[in-house]
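Hello,

Here is the structure I promised to pass on. Have a look first, then read my notes below.

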Amino acid sequence: MDAKEAQERAEELRNLLEKYGHHYYVLDAPLVPDAEYDAKMQELIKLEEEYPELKTSDSPTVRIGGPPLDAFVKVRHDVPMMSLGNAFSEQDLRDFDRRIHQAINKEVSYICELKIDGLAVSLTYENGRFVRGATRGDGTTGEDITSNLKTVRSIPLRLQEEVNMEVRGEVFMPKYSFERLNDAKEKAGEVLFANPRNAAAGSLRQLDPKIAAKRNLDIYLYAIGDDKGRGLKTHQEALSYMKELGLKTNPESKYCDDIEEVLEYVKSWVEHRNDLNYEIDGIVIKVNDLSQQQELGFTAKSPRWAIAYKFPAEEVVTTLEGITLSV
Ligand SMILES: NC(=O)c1cc2c(=O)c3cc(F)ccc3oc2nc1N
């Protein structure tokens, strides 16, 4: 095969692997058997080794992880990543709704989302290419973990449109992957991770992306972070737009006409939270209309138009040398 044929074949493989990857990891609907995906990935890896000039920054071969970093670089968030205020009871949620109606004397509807128990990250796309990923950090300054995030298979390296956009989401480790990881650590006599959230955070803090690549991390995107005008009117439209671009959004998000519907959604997930194959620690409730969000604004650290209902801590029974403690 000459260099020109190699270039054409590499481009063909890149497009195929990104399409297969999108269907498998984002849509959860595989197009081809794993063996075919792996064979094409191996073929592209070999081609890039033979013709190094063919390797592009958005080649799917980055999914297996590049060279280790010496340290993480600090990055500033153009738009600060704030944190959510908390609600712990139905009354707290009704108070939130009342405060909203005092400030906005119009009808207000909400979007409810599962509160994924992972690590908040920001993803920056330029002309549709994933160019930078960062942790929340202190909200203003985070750490550049781009090379680790490129190994998260459900983060597209290229969007469906060549747009400039910054989005936010939660990286998490599915429960099954957490259990498998801790089994392996136990067998190796290593310290175990306490929960999937710590395992996800620990994996993204690895300087060697090849370690993150093996941790089967996943992501759900939940907000457009930049304040570019896109003519979107509601949060629901923003979620749909992100999904159209190829970003993974959570299918359980729900439009709620009023606080009564919000309370129903919350109650149903208090009951069903363990049916999910990932951990959630609550429900996030957001005012749906973006102009109403604008009107409500932010306190020093949190949006006034969103709140996180935190589930009551689950009754965890642990035994300590036979003594049963329930905490
Ligand atoms: N963990 C989550 O699943 C989740 C987290 C946040 C936030 O932290 C968050 C913070 C803000 F300042 C504004 C909106 C937000 O929306 C969010 N939505 C979610 N679904």
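Ile-100 is buried, with a relative accessible area of 2%. Keep in mind that this is a predicted model. Ile-100 sits in helix α3, which covers residues 90-103. What does Ile-100 touch, leaving out residues up to four places away in sequence? The list is Val-108, Tyr-110, Val-287, Leu-296, Arg-304 and Trp-305.

**Helix α6**

Next, go to helix α6, residues 196-204. Seven of its nine residues are buried, so α6 is largely enclosed by the rest of the structure. Which residues of α6 are buried? They are Pro-196, Ala-199, Ala-200, Ala-201, Gly-202, Ser-203 and Leu-204. The elements they pack against are these:

- strands β4 (119-126) and β7 (165-172)
- helices α4 (146-149), α5 (175-187) and α7 (209-213)

**Aromatic pairs**

I also looked at the rings. A search of the whole structure gives nine aromatic pairs. One of them joins Tyr-309 and Phe-311: the ring centres are 6.2 Å apart and the planes meet at 75°, so this pair is edge-to-face. The cut-off for edge-to-face is over 60 degrees. Are Tyr-309 and Phe-311 buried or exposed? Both Tyr-309 and Phe-311 are buried. Elsewhere, ring pairs tie Phe-172, Tyr-220 and Tyr-278 into a cluster.

**The whole chain**

Now the overall picture. The protein chain has 10 helices and 13 strands. Its radius of gyration is 21 Å, close to the 20 Å from the globule rule for 327 residues, so the chain is as compact as a globular protein of that length. Along the principal axes, its C-alpha atoms fill a box of roughly 70 × 60 × 35 Å.

Buried residues account for 48% of the 327 residues. Take the contacts between residues at least 6 apart in sequence: 74% of them join residues at least 24 apart.

The surface comes last. The chain exposes about 17,100 Å², and carbon and sulfur atoms supply 51% of that. There are 43 positive and 58 negative side chains. The centres of these two sets lie 3 Å apart.

Best wishes

Conventions: Residues are numbered from 1 along each chain as its sequence is written. This is a predicted model: local features need pLDDT of at least 70, side-chain atom pairs count only at pLDDT 80 or more; totals for chains, interfaces and linings use all residues. Side-chain values use heavy atoms; hydrogens and water are left out. Rings of Phe, Tyr and Trp (its six-membered ring) pair if their centres lie within 6.5 Å; planes under 30 degrees apart count as stacked, over 60 as edge-to-face and the rest as tilted. Buried means under 20% relative accessible area, exposed over 50%, partly exposed in between (1.4 Å probe, protein chains only). Helices (H or I, at least four residues) and strands (E, at least two) are DSSP runs, numbered from the N terminus. The radius of gyration is taken over C-alpha atoms; the globule rule is 2.2 Å times the number of residues to the power 0.38. Contact means heavy atoms within 4.5 Å. Accessible areas come from the Shrake-Rupley method with a 1.4 Å probe; for residues, only the protein chains shown count as cover. Lys and Arg count as positive and Asp and Glu as negative; His and the chain ends are not counted. The place of a charge is taken as NZ of Lys, CZ of Arg, CG of Asp or CD of Glu.
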